[in-house]
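Here is a short briefing on one protein model. Keep the structure open as you read. Take the topics one by one.

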Amino acid sequence: MLYNRLLEERIVAYKSHGKSLSYFEQANTFNERKKHIPAMKQVHSQVLQDVARRLEKAYQFFFRRVKQGETPGFPRFKPKQRYDSFTYPQGGYVLQGNKLKLSKIGVVKIKLHRSLEGSIKTCTIIMKNSCYYACFSCEMELEPLLPSQELIGVDLGLKHLAITSEGETFMASKHYRHSERKLIQLQRSVSRKKKDSHRRKKAVQVLAKQYEKVANQRKDHAHKVSRKLVNRYGLIAIEQLNVQSMIQNRHLAKSIADTGWSQFVQYIVYKAESAGRVVVQVDPRGTSQQCSECGNIVKKSLAERIHRCPCGYTGDRDINAARNILQRALQVS
Ligand SMILES: [Zn+2]
């Protein structure tokens, strides 16, 4: 394996003349190597260079930490299964419809999870749970958004991803709900199986694949909804998530929701930042009990979906919460 070979050469060079090899010194040897190692000709040159670049990064990281007085582990030789991705940094791949042509590998059919925007900069092939993924990083020229005076409060939910102070609801898609239910079933089926059994190992594999699928669908949805909100509103008020209580949460269904929320909030924050929109995160405590019209506290159990206040305001529990979140944000800012 090239990575281990290059690492070995660096170590030998250091031991024999006290000097390590650089990325360029190593990358410059590739043409010579190809003459002697036919297998290397089968791999696109950019991919080879990327291997050398990764090693360089591992070295830089190591020495940076040494300088900071830490005692990091020396870059390791990688066992085969650890090195499970490779990158085409500039060229060597062509994407046409649902076919991806990879230099020296051939044409593979791919399933695009969402359409690519902007121009593709790199293409990384990742192997995970015995599936191959092609991951494209794209650069986008964002059209500047028109300024917006509109304000919105957003409440995060379990059934729906988000509900706004205007009453707009962003449901998770049917596909997602279905995949999520299946995930929970699979989780149960794993825990029913005997430890270290062959059937359990198989079930774990299926579970891991399903988890990946759910994660992709969730990501996709979070991207779409956050984009919608940022495009439309000048100020977005959203709850400050309590990360501490999330980490303590061991229940699967709840932990899925938590991951989804923090991802969603993160997407809103970075999209807003690059679009010049304002995001205010507020303490959400009591937002579902307080009346967004008069400020009174109206106690209600989780099952009560309607907020009814003696002041005359009646409304959906979550919309009331979203209105409170917006008001708190306006008090802060
Ligand atoms: Zn009231």
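In which helix does Gln46 lie? Gln46 lies in helix 5. The model is a predicted one. An assignment divides the protein chain into domain 1 (2–78), domain 2 (85–139) and domain 3 (151–331). Between the C-alpha centres of domain 1 and domain 3 there are 44 Å.

**Helix 5**

- Helix 5 covers residues 45–67, which is 23 residues.
- How far apart are the end C-alpha atoms of helix 5? They are 33 Å apart, and this agrees with the 33 Å that 1.5 Å a residue should give.
- Ten names make up the buried list of helix 5: Gln46, Val47, Leu48, Asp50, Val51, Ala52, Leu55, Glu56, Tyr59 and Phe62.
- What covers these buried residues includes four helices: helix 1 (2–17), helix 2 (23–27), helix 3 (30–36) and helix 4 (38–41). Strand 1 (85–88) is also part of the cover.
- After helix 5 comes Gly69, with a positive phi near 85°.

**Gln46 and Thr87**

- Is Gln46 buried or exposed? Gln46 has 14% relative accessibility, so it counts as buried, the cut-off being under 20%.
- Leaving out residues up to four places away in sequence, Gln46 touches Thr87, Pro89, Gln90 and Gly91.
- Thr87 sits in strand 1.
- Thr87 has a relative accessible area of 12%, so it is buried too.
- Which side chain makes a polar contact with the side chain of Thr87? The partner is the side chain of Thr124, at 3.0 Å.
- Beyond its neighbours within four places in sequence, Thr87 is in contact with Gln46, Val47, Asp50 and Arg54, and also with Thr122, Cys123 and Thr124.

**The zinc site**

- Which protein donors does the zinc ion have? They are the SG atoms of Cys291, Cys294, Cys309 and Cys311. These donors lie 2.2 to 2.3 Å from the zinc ion.
- Along the chain, the donors follow the spacing C-x2-C-x14-C-x1-C.
- Cys294 and Cys311 link distant parts of the chain, 17 residues apart. Cys294 is in the loop between strand 11 (278–282) and strand 12 (306–308). Cys311 is in the loop between strand 12 and strand 13 (314–316).
- Why is the arrangement tetrahedral? The four donor atoms subtend angles of 103 to 117° around the zinc ion. Four donors count as tetrahedral because all angles lie between 85 and 135 degrees.
- For four tetrahedral donors, the ideal angle at a metal is 109.5 degrees.
- Cys294 has a relative accessible area of 38%, so it is partly exposed.
- Cys311 also counts as partly exposed, at 38% relative accessibility.

- Helix 6 (residues 174–192) has 19 residues.
- Helix 6 reaches 27 Å from its first C-alpha to its last, close to the 27 Å expected at 1.5 Å a residue.
- Which residues of helix 6 are buried? They are Tyr176, Ser179, Glu180, Leu183, Leu186, Ser189 and Val190.
- Asp196 is placed in the loop between helix 6 and helix 7 (198–232).
- Asp196 has a positive phi of about 65°, although it is not a glycine.
- Most residues other than glycine have a negative phi.
- Asp196 counts as exposed, at 73% relative accessibility.

Technical notes
Residues are numbered from 1 along each chain as its sequence is written. This is a predicted model: local features need pLDDT of at least 70, side-chain atom pairs count only at pLDDT 80 or more; totals for chains, interfaces and linings use all residues. Side-chain values use heavy atoms; hydrogens and water are left out. Helices (H or I, at least four residues) and strands (E, at least two) are DSSP runs, numbered from the N terminus. The expected span of a helix is 1.5 Å times one less than its number of residues. Buried means under 20% relative accessible area, exposed over 50%, partly exposed in between (1.4 Å probe, protein chains only). Contact means heavy atoms within 4.5 Å. Domain bounds come from an automatic or database domain assignment. A polar contact is a pair of N or O atoms within 3.5 Å; within protein, one must be able to donate a hydrogen and the other to accept it, and residues adjacent in sequence count only if both atoms are side-chain atoms. Donors are N, O and S atoms within 2.8 Å of the metal (3.2 Å for Na, K and Ca); water is not among the atoms, so sites may look incomplete. Four donors count as tetrahedral if all angles lie between 85 and 135 degrees; four count as square planar and six as octahedral if opposite donors are over 155 degrees apart and all others between 65 and 115; anything else is irregular.
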